[in-house]
Amino acid sequence: MASFSQFGSDLYTGKRSYDIVGRRRAWYLVAIIAIVLSLGVPWLRGGYQLGIEFTGGSEFTISDVKTTDQTIATDTVESIVPEGIPRVSQLGQHGIRVQTGQLTDRETTEVQDALAKAYGVPDSQVAATFIGATWGADVLAQAIRGLVIFLALAAVVMALYFRTWKMSVSAMVALLHDLLITAGVYGIVGLEVTPAAVIGFLTILGYSLYDTVVVFDKVRENTSQESSRTFTQSVNLAVNQTLVRSINTSVVALLPVAAILFIGSYVLGAGTLRDISLALFIGIIVGTYSTIFIASPMYAHLRENEPKIRQADAKKVQAAAKRQQQVDATADV
């Protein structure tokens, strides 16, 4: 712990430094590859697997089963609805969930009875629900509207707070990076996108934005002070000074989320807990990366070519060169 504290202290004072901003092309390349994969792989696989809340259909939940063999549910549903393609998943240790397309009342009753007989449980332990496609479309539209409004308001507030639109643009690019990659993981792995997962997506945007604002506050402090460092060097120092804090914050946030993910998936079998926590778990990791390697380097990239900053940097470089010449001359003597 002492060594890690010393590591953070060295980063803050500048005794130790990593050229994160200077290597921004490498981070950009990593981000571009990740985004291309996040968009391309789900497209090649036929798109995202939307939950029944978005597509509509019937859902059957079987509780306290003696076996969690999912083929039993698949064969049972297909014997009654041959054209249906059931999606079967395990809920916790003693539960099975079966999702199908929209069924008639007669088909729903037949499937419910057949599942109870197949798993050897009373009819009361097979719950059937129906969700209309119209309701799902409304949920999706509300989620997209909420995302657009959040990004617009966040962009305006950041531009006003930091008094520069370039910080706002950098933060919004980082947020989009987080959203695309987190959603891409769902598409690549084939995870089901549910309203709970969408809530998780929106939540990670708030976390990522908070982390970015903290780093940008330090960037503004460093770049507004008179020093011998160039603009890019001042931004890089700010990233190094907040590096340990960002890592610690992410680890502290990941621990309870991981606990909720484990309990929701394997202990309680609660799909809502699992979907929200999984989106948060992925998003926190991606958001930490974007704050350090995308937002700050992009802000430096957008501003370092401004005439005023270029002139100031040129003078600092010349002054540093003269100081080095004096040091070299003294050493020769």
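This short talk describes the helices, aromatic rings and loops of one protein model.

Good morning. The structure before you is a predicted model. The protein has 12 helices and six strands. Of its 333 residues, 44% are buried. If we take the contacts between residues at least 6 apart in sequence, 77% of them join residues at least 24 apart.

Let us begin with helix H5, residues 105–119. How far apart are its end C-alpha atoms? They are 21 Å apart, and this agrees with the span of 21 Å that 15 residues should give at 1.5 Å a residue. The buried residues of this helix are Glu 107, Thr 108, Val 111, Leu 115, Ala 116 and Tyr 119. Seen down the axis of H5, these buried residues fall within an arc of 165°, so they line one face of the helix. The face turned away from that buried side carries two exposed residues, Arg 106 and Lys 117. Against what do the buried residues of H5 pack? Their partners are strand S2 (57–63), helix H4 (70–80), strand S4 (95–100) and strand S5 (126–131). Just after the helix comes Gly 120, with a positive phi of about 65°.

I turn now to a database record. An unreviewed UniProt entry places the feature "transmembrane region" at several spans, among them residues 143–162 and 169–189. In the model, residues 143–162 are 100% helix and 0% strand, and the end C-alpha atoms of that span lie 28 Å apart. Residues 169–189 are likewise 100% helix and 0% strand, with end C-alpha atoms 30 Å apart.

Next, the aromatic rings. The protein has seven aromatic pairs. One of them joins Phe 231 and Tyr 299; the pair is tilted, with 5.9 Å from centre to centre and 55° between the planes. Phe 231 lies in helix H9 (residues 231–241) and Tyr 299 in helix H11 (residues 271–303), so this pair ties together parts that are 68 residues apart in sequence. Are these two residues buried or exposed? Both Phe 231 and Tyr 299 are buried. They belong to one aromatic cluster together with Tyr 161, Phe 162 and Phe 216. At Tyr 161 there is a further feature: the charged end of Arg 220 sits over the ring, 4.9 Å from its centre.

Let us stay with helix H9. This helix is mostly covered, as 10 of its 11 residues are buried. Among them are Thr 232, Ser 234, Asn 236 and Gln 241. Gln 241, which is in H9, has a relative accessible area of 13% and is therefore buried. Which residues does Gln 241 touch, leaving aside its neighbours within four places in sequence? Gln 241 is in contact with Leu 11, Tyr 12, Lys 218 and Asn 222.

Most residues other than glycine have a negative phi. Asp 64, however, has a positive phi of about 55° although it is not a glycine. Asp 64 lies in the loop between S2 and H4, and with 55% relative accessibility it counts as exposed. Arg 163 is the second case, with a positive phi near 60°. Where does Arg 163 lie? Arg 163 is in the loop between helix H6 (133–162) and helix H7 (165–189). Its relative accessibility is 71%, so Arg 163 also counts as exposed.

Thank you for your attention.

Notes. Residues are numbered from 1 along each chain as its sequence is written. This is a predicted model: local features need pLDDT of at least 70, side-chain atom pairs count only at pLDDT 80 or more; totals for chains, interfaces and linings use all residues. Side-chain values use heavy atoms; hydrogens and water are left out. Helices (H or I, at least four residues) and strands (E, at least two) are DSSP runs, numbered from the N terminus. The expected span of a helix is 1.5 Å times one less than its number of residues. Buried means under 20% relative accessible area, exposed over 50%, partly exposed in between (1.4 Å probe, protein chains only). The arc is that of the directions from the helix axis to the C-beta atoms. Contact means heavy atoms within 4.5 Å. UniProt positions are given in the numbering used here, feature names are shortened, and annotations may be inferred rather than shown by experiment. Rings of Phe, Tyr and Trp (its six-membered ring) pair if their centres lie within 6.5 Å; planes under 30 degrees apart count as stacked, over 60 as edge-to-face and the rest as tilted. A charge sits over a ring if NZ of Lys or CZ of Arg is within 6 Å of the ring centre and within 35 degrees of the ring normal.
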